[in-house]
Amino acid sequence: MATHEKQVFEKESGFKKWWRLLRPHTLVASFVPVFLGTSVAMSYTNFHFLRFIVMLIACFFIQTSANLFNEYYDYKKGHDDEHSVGNGGAIVRNGMRPGFILFLAIFLYILSILGGIYLSIELNWYVGLLGAICMLVGYLYTGGPYPIAYTPFGEIMAGFFMGGIITFISFYIQAEFIGKEIVYISIPVMVLVGNLLLANSLRDLIPDKKSGRLTLAILLGRKAGTALFALAFLFAYVFEFSLIIWMNAPYWTLIILLSAREAIRAVRGYIGKSDPVTMMPAMKATSKAITFFGLLLAIAYLLSLLQKNLFM
């Protein structure tokens, strides 16, 4: 199987190898929080289109840069090779220059900083500060002397900053305040963004253990890690539905059930599996489930707003 994977990767060229380098299954963490935060804010303010676009692009660049830093430092530390499963190891497989990957990551960070400066001028310096902290965490995820990705705290940090802080900022740049509503709404998104990282750790449990990492999946073990993965999905749905009862969230929230099929497929894809290659479909299902969950939740709040405006 490893030989087959190597032959497939060696054929990659042009757009495909660059697309794989960006680790597209992780990009959900950049745009879903922005859409959700913006959608919820629409009940309180008019839509600021330019702020939304700048935030969306900046978050895309931050996530992409984090992925490039990940690729670069995993290569430099010898954790990736031509047999690496998934999107990692592209430098080795496709002969990309490490120096250029690092340059590109830094360049995209600079562009993100420009977006943060614009939003800070539009609003206040707190926005830029929070964005800078998110960028720092993105770098420290695999960069620095003690990479977060090599510890059991990777899922928590990614979930809090990408799933939480980015949602808060996206809400704030529209509504210009932070209320308890957006905090509660974003909790399941934090959990699911963390779950995306847990999915990756479950797939890479064996090679990560060999390279000396202590991820959450390694700490818990495969069975307990898979159980936590399933419970995280269940928690996200139950918590979001509970908001209908005790925070008057719109009944439209129920449409997130349309994403449950992919969530179930993701969980089933990890049960009883240990070979990283066999878990690739589950990784894709995880990314789809989180994307559908977040976007459907955003749509639910837009539909609720539309309903109110039509019947006022």
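Leu-216 counts as buried, since its relative accessibility is 16% (buried means under 20% relative accessible area, exposed over 50% and partly exposed in between, with a 1.4 Å probe and protein chains only). This leucine is found in helix α11, residues 216-220; helices (H or I, at least four residues) and strands (E, at least two) are DSSP runs, numbered from the N terminus. Leaving aside neighbours within four places in sequence, Leu-216 is in contact with Thr-151, Pro-152, Glu-155, Leu-198 and Leu-228, where contact means heavy atoms within 4.5 Å. Take Glu-155: Leu-216 and Glu-155 are 61 residues apart in sequence, yet their C-alpha atoms are 7.7 Å apart in space.

All of this comes from a predicted model, in which local features need pLDDT of at least 70 and side-chain atom pairs count only at pLDDT 80 or more, while totals for chains, interfaces and linings use all residues. Residues are numbered from 1 along each chain as its sequence is written, and side-chain values use heavy atoms, with hydrogens and water left out.

Stepping back to the whole protein, there are 14 helices and 0 strands. Of its 312 residues, 55% count as buried. Among contacts with a separation of 6 or more, 74% are between residues 24 or more positions apart.

Glu-155 turns up again in the lining of the largest cavity, along with Tyr-141, Ala-149, Thr-151, Gly-154, Leu-197, Ser-201 and Thr-215. A cavity here is a set of points, on a 1 Å grid over the protein atoms alone, where a 1.4 Å probe fits but cannot get out; lining residues have an atom within 4 Å of a point. By type, the lining has 3 nonpolar, 4 polar and 1 charged residues (Ala, Val, Leu, Ile, Met, Phe, Trp, Tyr, Cys and Pro count as nonpolar, Asp, Glu, Lys and Arg as charged, and the others, Gly among them, as polar).

Helix α9 (residues 180-203) also pairs up with helix α3 (residues 28-41): their axes come within 11 Å and cross at roughly 170°. The two are therefore roughly antiparallel to each other, a label for angles over 145 degrees, with under 35 roughly parallel, 65 to 115 roughly perpendicular and the rest oblique. Axes are lines fitted to C-alpha atoms, for helices over the stretch in contact, and angles run from 0 to 180 degrees between N-to-C directions. On the α3 side the contact is made by Val-28, Ala-29, Pro-33, Leu-36, Gly-37 and Val-40, and on the α9 side by Glu-181, Ile-182, Ile-185, Val-189, Val-193 and Leu-196. These residues divide into 10 nonpolar, 1 polar and 1 charged.

Helix α3 also holds Ser-30, which counts as buried at 1% relative accessibility. Beyond its neighbours within four places in sequence, Ser-30 is in contact with Cys-59, Phe-60, Gln-63 and Met-162.

Glu-176, in the loop between α8 and α9, has a positive phi near 65° and is partly exposed, at 44% relative accessible area. Asn-248 lies in the loop between α12 (222-246) and α13 (260-268); its phi is positive too, near 55°, and Asn-248 is exposed, with a relative accessible area of 70%.

How values were computed: On a 1 Å grid over the protein atoms alone, a cavity is a set of points where a 1.4 Å probe fits but cannot get out, and a pocket is an open set with protein on both sides within 12 Å along at least five of seven lines; lining residues have an atom within 4 Å of a point.
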